[in-house]
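Thanks for making time this morning. I have one structure to walk through, and I will keep to a handful of places in it.

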Amino acid sequence: MFSKLKLLFKDTVIYGLSTILARSLNYLLVPLYANKLSTFDNGVQTIIYANIALANVLFSYGLETSYLKVVSDSAHQNGLEKQLFSTAFITLFVTSTLFALIIAFFSPFIAQLIGLSTEDFSFVQYAALILWIDTLLVIPFAELRLKRKAVQFAIARVVGVIAVVVSAIILIIPFHIGLPGVFISEAFGSLVSLVLVIPVFHQFRLFFSPGQLREMLRIGLPYVPTGIAGLLIHLIDRNILIRIPPSEIERIYGKGYEASDIVGIYGRIAAFGVVLQLFIQVFRFAWQPFFLQHAKDPDAKRLFRHVLSISTLFTMFLALAATFFVPDLVRYHYADRFYLLPPRYWIGLSILPWIFLSYVFDMISTNLSAGLLITGNTRYLPVVTFAGAAVTAFFCWWLIPQGGMDGAAYAIVAGTAVMCLVMAWYSLKVFPLRYDWFKLFWLFVAAIVLAFLEFRFGHGQELVQGSTDIFLKIVFLALYLALAASLFRHEAMLVVAKVSNKFSRK
């Protein structure tokens, strides 16, 4: 069993290093945009990108996951994989072209629909181009994941992101193009990634099978409402914040802010959730092919139990560490010249612990989704995610007018928690499995207690001044790891033994 876990973690490391590198490079753009664009322009970009993420689900309509499932099931049938690849790619090419043209044609109306002015229609047209190119990458990237060609996958992603970062820096700093440069660079980076996956098309044929498409749609279409609802949990807050009345903005934050400013501040602060989002995304890339390939193993359930415990434990540790240190990193004045985010953004720092907490529930849901896909009960997925989205939407509608950005963060936690509970209900119903819920609950409680104690007794000073505060945080993190090792003694001893054996052989 440990060898299978090792295989999963090996792929996770490869996907992880590439994704972390890509996101780290991409994250250079956050201080660039925060320092070179106004909070208003950052708000426009945040709203457009939030809705690009939602539209991505519609553009691909679940074909990525269904392609992985159908090809995995037909792995031993010669020639069928090339047919499936061709059918899936041709379908997405035709539909994405149609969708992009519709968005471009109705861009003024769509701009107004998402809370922007009709004068911002050109940014909606840029979004249509980005969506079209990104959709063409869906099946090639899925094929690389399925064949465990993690290195090729990583190269295509990282080089594409490098292209985004370099072009954005050039367009915004020396050429002063401003906000349009953000969208132009994103489209260019996606195009570079598409060029790099061209070798995958060696198996492409001018072939289309309606029967194969129907099978993929049968599996994949339930992911459309599921994907939209899942994204709404993290993105509906922006779409409601942009509509917050000016009187409420002035009451909460004082004069000098518009709705787009608040969205821009919220988006840049919430982006620091990348610390957790990265790990979950990396894990998901490796997890889906892994549980599909090992679902019929005799020790599958025990294996999946260990995976949930380890991944959730690590996510909680990251959430606690990020809660301790990210606000300090944001407020630190680097070389007395610049901040990661200028002081105007600091009014939103209080949302960070809640954003980090929401990703803990996301990780548990990601693990539990295996039961529904393995058993083919994908029809439950819309119920799961719509429950979370409905709760998020309700609390956003209720709390944002009262608490602004903080209300949005509370709503996200409520939505992800409900989604996690409903996912557990359906997954364990069709795929019974005894997880270590009791141990994980105590680790969850311990993290909350430690975060409260640090908030209560920490000095809250900047890094250069708060050495005592840093020491306290490190002690709390060490205590948390010690508690985790105590509760999950068997897993900890197993890992230590394997690491010791590896070093002893050298």
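This is a predicted model: local features need pLDDT of at least 70, side-chain atom pairs count only at pLDDT 80 or more; totals for chains, interfaces and linings use all residues.

Let me start with the inside. The largest nonpolar core has 130 residues, and the members that touch the most others are Ile-48, Tyr-266, Phe-304 and Tyr-480. Helix 16 is the top contributor to this core, with 17 residues. A separate core of 30 residues lies apart from that one, and its members include Phe-85, Ile-133, Leu-136 and Phe-153.

What does Ile-48 contact, once neighbours within four places in sequence are left aside? The list is Ile-114, Leu-116, Phe-123, Val-124, Ala-127 and Phe-183.

Back to helix 16, which spans residues 300–331 and holds Thr-323. A polar atom in the side chain of Thr-323 is 2.8 Å from the backbone oxygen of Ala-319. Beyond four places in sequence, Thr-323 is in contact with Pro-353 and Phe-356.

Next, helix 4, residues 63–73. Is this helix mostly covered or mostly open? It is mostly covered, with eight of the eleven residues buried. Among those buried are Leu-63, Tyr-67, Leu-68, Val-70 and Val-71, and also Lys-69.

Now the surface. Leu-98, Ile-102, Phe-105, Phe-106, Phe-109 and Leu-113 make a nonpolar patch of about 660 Å². Two elements give two or more residues to it: helix 5, residues 80–105, and helix 6, residues 107–113. Helix 5 gives the most, three residues. Phe-106 sits in the loop between helix 5 and helix 6. Its relative accessible area is 42%, so Phe-106 counts as partly exposed.

Last, the two loop residues. Tyr-61 is in the loop between helix 3, residues 39–60, and helix 4. Its phi is near 35°, which is positive although the residue is not glycine. Asp-336 also has a positive phi without being glycine, in this case near 55°. Asp-336 lies in the loop between helix 16 and helix 17, the latter being residues 352–374.

Which category does each fall into, buried or exposed? Tyr-61 is buried, because its relative accessible area is 10% and the cut-off for buried is under 20%. Asp-336 counts as exposed, because its relative accessibility is 65% and exposed means over 50%.

That is the end of the tour, and I can go back to any of these places.

Technical notes
Residues are numbered from 1 along each chain as its sequence is written. Side-chain values use heavy atoms; hydrogens and water are left out. Buried means under 20% relative accessible area, exposed over 50%, partly exposed in between (1.4 Å probe, protein chains only). Helices (H or I, at least four residues) and strands (E, at least two) are DSSP runs, numbered from the N terminus. Patches are made of residues with over 30% relative accessible area and no salt bridge: like charges are joined within 9 Å, nonpolar side chains (Val, Leu, Ile, Met, Phe, Trp, Tyr) within 5 Å. Accessible areas come from the Shrake-Rupley method with a 1.4 Å probe; for residues, only the protein chains shown count as cover. A salt bridge is a side-chain nitrogen of Lys or Arg within 4 Å of a carboxyl oxygen of Asp or Glu. A polar contact is a pair of N or O atoms within 3.5 Å; within protein, one must be able to donate a hydrogen and the other to accept it, and residues adjacent in sequence count only if both atoms are side-chain atoms. Contact means heavy atoms within 4.5 Å. A nonpolar core is a set of buried Ala, Val, Leu, Ile, Met, Phe, Trp, Tyr and Cys residues joined through side-chain atoms within 4.5 Å.
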